[in-house]
Amino acid sequence: MRTNTRHLPSRSSVFSADVRNLGILAHVDAGKTTVTERILFLTGATHKRGEVHDGTTVTDFDTQERDRGITIFAAAVSCTWDGHRINLIDTPGHVDFADEVERSLRVLDGAVAVFDAVAGVEPQSESVWRQADRYGVPRIAFVNKLDRAGADLDTAVASIRERLHTVPLVVQLPIGQEDEFTGVVDLLGMRALVWHAGSGTDTYSGGTYSGDAYEVVPIPGALREEALRRRHTLEETVAELHAAAMEEYCATSALSTPALVSALRDLTLGGEGTVVLCGSAYRNRGIEPLLEAVVSYLPSPVDVPAVRGTAGDTDEERPADPAAPFAGLAFKVNATATGRLTYLRVYSGTITKGDTVMDAGTGRTERIGRILRVQADRHAELDRATAGDIVAVVGLKTARAGTTLCSPAAPLVLEPPAVAASVVSVAVEAHRTVDTGRLSSALARLVEEDPSLAVRVDRETGQTVLSGMGELHLEVAVEKVRRAHGIEIGVGRPQVSYRETVVRGVSGLVYRHVKQDGGAGQFAHVVVDVEPLEEHTFAFTATVTGGRVPQEYVRAVEAGCRDALAEGPLGGHPVTGLRVTLTDGSTHPKDSSEMAFRTAGRFALRTALRESVMQLLEPVVELTATAPDDAVGGVLGDLSARRGRVTDSTTRAGTAVITATVPLAELFGYASRLRSRTQGRGTFTTRPTGYAAVPAGVEAR
């Protein structure tokens, strides 16, 4: 019998090849925080297993996370396994906090995608998978909760294949089902791993721990034939995808275990397949093989391509070499009353305490005060950080998420993570006038920490408006201000962010900007065409010939047009989905300037939009609701009343799963309505899908 022997992490330096920077990705309630907790416990990073339902997890340390039982903020932790340091980020699974996932994926080398063995691929599972696709992050999959009623590995794997469009490479076979799930068959080693309940004592002492243990035993006779069949299927699938494996398979009609492991790693790094493991994190089953798979298949910093950035007008690569010039990307900021903690991925070079680094975007230099190894809300001080490290630094005053930090002698700008546009807004105000200034400072600090939040003052009402990714996102932000700063806040009704687009444009619109009030005047003459663009974007082209409008003025016209997109003619909403073409124009030898042409471009487009046929757009989401069979009628009727369009409906084990496209504005308060119609048994999730035209007769809210 093998016990789970745990060793405290060493503080000695680790080569970049022995580092794994990975994220845990999943839909809400798939069990990723429990997976993280079991990893920390088994590796010796913690001495007691934390539980989500008890509010004792390491990564969900914020009081709101513990109160709500969900991950809200991406939390970084570090541990060691088999001589490898694992820097791990537990990411949120709720759609409202997708920006936290985006910023984390930007700095990660690999990921573990966790799936519920009953539900399979869920809406947010699909969303985070696509986010990882954008950044080319290699992944392995862990099908969790095999001890649940209705759990089925094959069904979950089928959903991975169909919905995520990847080739699942299943390397394990479960032993037992639901409550009788006790272990897995390792299809690579052709052996069985069976977990036995230990003493249940979770205390640590003396450098090792014996609790739940697993035993390596021969494959049970009842599963032997099935295991052989699945091993053969795995070999065939790998051979079809991997050239070297195909050569061996053609020669011997089989693959040796070393060749299979090597091919699985290559396929994982290349994104051509996804290794799939299974287990039950809550029951402490399957985590050790998962850690071994992380080390075996996911890349180290030296396995991924050298980071690319821009130095002046040229592209430049920086290898993951401690001796190279320093370059790092800030991906998270915690702004507190006592200082700022900046989370940083070091891509190349080395930084030490007291070093001076440069903000590549602004050219400002700042000094590194302290370097910290992060363990959620706890930190251990380090003397240095080298290529491949994920650390937090103290002392930076202006760095934001997405800021590139580099050596002043070798400037480099790295691509920042994308920031999604906010879709929901609320008006906020302090109950007491004396707290107005404190509220403004608290909101500014919020935006500093979370770039997906935005604060503005409404010009018509004078109200302070807070915008974010969803109702829950704003609720959490407001509650954070209340708790952290002790400010009583009034919150208005949520409002969605509408857009305006062009349905039918105009051609040959002439605009002359002439201003003469003493001294040098302003003159700009432009002729523009405006036409719809199917994609909800903005495009600008110029077809002016003969140098009638110099190139520097063309760029000024484009800048003016972009200024005009901020407010459309229907309701002052941002404008999207149009192409502007500058077809003609003229200049004045003395009075023309870039400012004059920028002003002309702005007013020309405003005039053109007023003369165009415009359409109001509203944000829509894909809603997935689960409800008992006897409540389906009421749920469907309610969705219809909310202008929902049902796109799919399936039934599984007495529960209906309904998928519909619904305007976001119609979903405020939907959670309470769904609970009342299903006697508390219904749940739902949403995923943004874009914008759609607002039907005639429906007013913006």
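**Close-up views of a predicted model**

**View 1. Helix 14 and its cover.** Strand 36 (613-628), strand 38 (655-663) and helix 15 (670-677) are among the elements that cover the buried residues of helix 14. This model is predicted. Helix 14 spans residues 632-641, and its buried residues are V632, V635, D638 and L639. They sit on the same side of helix 14, because they cover an arc of only 130° around the axis. The other side of helix 14 holds exposed residues: G633, S640 and A641. After helix 14 comes R643, which has a positive phi, near 65°.

**View 2. Helix 1, a covered helix.** Helix 1 is mostly covered, with 11 of its 11 residues buried. How does that look along the chain? The buried residues of helix 1 are K32, T33, T34, V35, T36, E37, R38, I39, L40, F41 and L42. Just after helix 1, look for G44. The phi of G44 is positive, about 85°.

**View 3. Helix 1 against helix 9.** Helix 1 (residues 32-42) packs with helix 9 (residues 287-297), and their axes are 10 Å apart. The angle between them is about 85°. Helix 1 is therefore roughly perpendicular to helix 9, as angles of 65 to 115 degrees count as such. Which residues of helix 1 meet helix 9? They are V35, R38, I39 and L42. From helix 9, the partners are I287, E288, L290 and L291. By class, this contact has six nonpolar residues, two charged residues and no polar ones.

**View 4. Helix 6 crossing helix 7.** The axes of helix 6 (residues 221-241) and helix 7 (residues 243-252) come within 6 Å. They cross at roughly 125°. The two helices are therefore oblique to each other. Is the crossing left-handed or right-handed? The crossing of helix 6 and helix 7 is left-handed. Helix 6 brings H232, E235, E236, V238, A239, E240 and L241 to the contact. Helix 7 brings A243, A245, M246 and Y249. Sorted by class, the contact has seven nonpolar, one polar and three charged residues.

**View 5. E65, a buried residue in helix 2.** E65 lies in helix 2 (residues 63-68). Is E65 buried or exposed? E65 counts as buried, because its relative accessibility is 2% and the cut-off for buried is under 20%. Leaving aside neighbours within four places in sequence, E65 is in contact with T59, D60, I70, T71, I72 and F73. Now find V52. V52 and E65 are 13 residues apart in sequence. From C-alpha to C-alpha, E65 and V52 are 9.3 Å apart in space.

**View 6. A75 in strand 2.** A75 is part of strand 2 (residues 75-81). A75 has a relative accessible area of 3%, so this residue is buried. What does A75 touch, not counting residues up to four places away in sequence? A75 touches T59, F61, L88, I89 and D90. D60 is 15 residues from A75 along the chain. The C-alpha atoms of A75 and D60 are separated by 7.5 Å.

Conventions
Residues numbered from 1 in each chain as written. Predicted model: local features only at pLDDT ≥ 70, side-chain atom pairs only at ≥ 80, totals over all residues. Heavy atoms only, no water. Axes fitted to C-alpha atoms, helices over the stretch in contact; angles between N-to-C directions. Helix = DSSP H or I, 4+ residues; strand = E, 2+ residues; numbered from the N terminus. Parallel < 35°, antiparallel > 145°, perpendicular 65-115°, else oblique. Left-handed = near helix turned anticlockwise from the far one by under 90°. Contact = heavy atoms within 4.5 Å. Nonpolar A, V, L, I, M, F, W, Y, C, P; charged D, E, K, R; others polar. Buried < 20%, exposed > 50% of the residue type's maximum accessible area, 1.4 Å probe, protein only. Arc of directions from axis to C-beta.
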